[in-house]
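Subject: Structure handover

Hi,

Here is the structure you asked for. My notes follow below it.

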Amino acid sequence: MLEKDLRKLNRTELLEIMLEQQGEIDRLRKELEDVRKQLDDRAILLGEAGSIAEASLRINHIFAAAQKAADDYLAGVRASAERGILYKRN
């Protein structure tokens with residue numbers, strides 16, 4: 001609305017416009033608050049996803065080290081058996 005159109009309005013009309021604008025401002029503030037909460041939730045999820053990915057990588061390294069240790073142990077047992085060092089238990 002142009003400034004000269006606003007000047008032609010009486011106080012009641014101006015107050016009604018102001019009330020409508022306040023209602024719109026309140027609605028937009030609520031919408032902004034909701035969007036900020038959604039953004040915070042996503043940021044938390046992304047942070048947790050990063051933590052889960054890091055934990056998964058660490059666990060994979062632990063499993064790889066355990067597998068290597070088991071493979072080394074079995075290789076040693078097989079080598080001992082081939083050399084006749086291993087004895088049967090009764």
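A salt bridge here is a side-chain nitrogen of Lys or Arg within 4 Å of a carboxyl oxygen of Asp or Glu. Keep that in mind for the pairs below.

First, the ground rules. This is a predicted model: local features need pLDDT of at least 70, side-chain atom pairs count only at pLDDT 80 or more, and totals for chains, interfaces and linings use all residues. Residues are numbered from 1 along each chain as its sequence is written, and side-chain values use heavy atoms, with hydrogens and water left out.

**Overall form**

The protein has two helices and zero strands. Both terms are DSSP runs, numbered from the N terminus: helices are H or I with at least four residues, strands are E with at least two. The radius of gyration is 36 Å, well over the 12 Å that the globule rule gives for 90 residues, so the protein is more spread out than a compact globule. That radius is taken over C-alpha atoms, and the rule is 2.2 Å times the number of residues to the power 0.38. The C-alpha trace spans about 110 × 25 × 10 Å along its principal axes.

Of the 90 residues, 1% count as buried. Buried means under 20% relative accessible area, exposed over 50%, and partly exposed in between (1.4 Å probe, protein chains only).

**Salt bridges**

The structure holds six salt bridges. One of them joins glutamate 24 to arginine 27, with the closest N and O atoms 2.8 Å apart. These two are three residues apart in helix α2, so about one helical turn separates them. Arginine 27 also bridges to glutamate 31, at 3.1 Å between the closest N and O atoms. That pair is four residues apart in helix α2, about one turn.

How exposed are these side chains? Glutamate 24 is partly exposed at 34% relative accessibility. Arginine 27 is partly exposed at 41%, and glutamate 31 is partly exposed at 41%.

Glutamate 33 and lysine 37 form another salt bridge (3.3 Å, N to O). They lie four residues apart in helix α2, about one turn of the helix.

Isoleucine 62 is found in helix α2, which covers residues 11-83. Isoleucine 62 counts as exposed, at 55% relative accessibility.

Best wishes
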